[in-house]
Amino acid sequence: MDISHRKVSFTQSWVLFFRNYAKFSGRSSRSAYWFWFLWSIIVAFFIGFLAGLSGGSSIFDILDLVWSLAILVPGFALAARRLHDVGRSGWWQLIVLTIVGIIPLFIWFVSAGDSDTNKYGDNVEQGL
């Protein structure tokens, strides 16, 4: 089965991330996950860059804190949906607490999702 229809564009990943803010059910594709990861790095870099230009102004520390808190819950939700796509429970995110658990978690995040319906839902991107 061709799963190319599941690919999410860079801009769609931003919309899907916030549209599914606290949705821990369903599935998310690799492209939705990794494009969002790239978005979050870009935003964090931009905030850090502005903080550097301003000489470490506390307004950027506050902006960084607000941004981090704003993406905390949807970040866990997206990771849970990504794990669902590969047939794992979202609770597997906790394996990262073992430090060595970062390795299997990364492997699951980069792995192709189940090509058919699994117990977490159909093989379609949520919200598209």
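## Stop one: the pocket

The lining of the largest pocket is made of 17 nonpolar residues, 3 polar ones and no charged ones (Ala, Val, Leu, Ile, Met, Phe, Trp, Tyr, Cys and Pro count as nonpolar, Asp, Glu, Lys and Arg as charged, and the others, Gly among them, as polar). Keep in mind that this is a predicted model, where local features need pLDDT of at least 70 and side-chain atom pairs count only at pLDDT 80 or more, while totals for chains, interfaces and linings use all residues. Residues are numbered from 1 along each chain as its sequence is written, and side-chain values use heavy atoms, with hydrogens and water left out.

The space in this largest pocket comes to about 480 Å³. A pocket here is an open set of points on a 1 Å grid over the protein atoms alone, where a 1.4 Å probe fits, with protein on both sides within 12 Å along at least five of seven lines; lining residues have an atom within 4 Å of a point. The volume is the space filled by probe spheres set on the points, which are joined across faces, edges and corners.

Select Tyr33, Gly75, Ala79, Gln93 and Phe109: of the 20 lining residues, these are the closest to the pocket's centre. Now colour α2 (30–53), α3 and α4 (102–110), the elements that each give two or more residues to the lining. Helices are DSSP runs (H or I, at least four residues), numbered from the N terminus. Which helix gives the most to the lining? That's α3, with 6 residues.

## Stop two: α3 and its neighbours

Show α1 (residues 10–19) with α3 (residues 58–85): their axes come within 9 Å and cross at roughly 95°. Axes are lines fitted to C-alpha atoms over the stretch in contact, and angles run from 0 to 180 degrees between N-to-C directions. The two helices are therefore roughly perpendicular (65 to 115 degrees).

Next, bring in α4, which packs on α3 at about 75° with the axes 8 Å apart. Here Ala79, Arg82 and Leu83 of α3 meet Leu105, Trp108, Phe109 and Val110 of α4.

## Last stop: a salt bridge

Finish on Arg27 and Asp85, whose side chains form a salt bridge at 2.8 Å, N to O (a side-chain nitrogen of Lys or Arg within 4 Å of a carboxyl oxygen of Asp or Glu). Arg27 sits in the loop between α1 and α2 and Asp85 in α3, 58 residues apart.

How values were computed: Parallel < 35°, antiparallel > 145°, perpendicular 65-115°, else oblique. Contact = heavy atoms within 4.5 Å.
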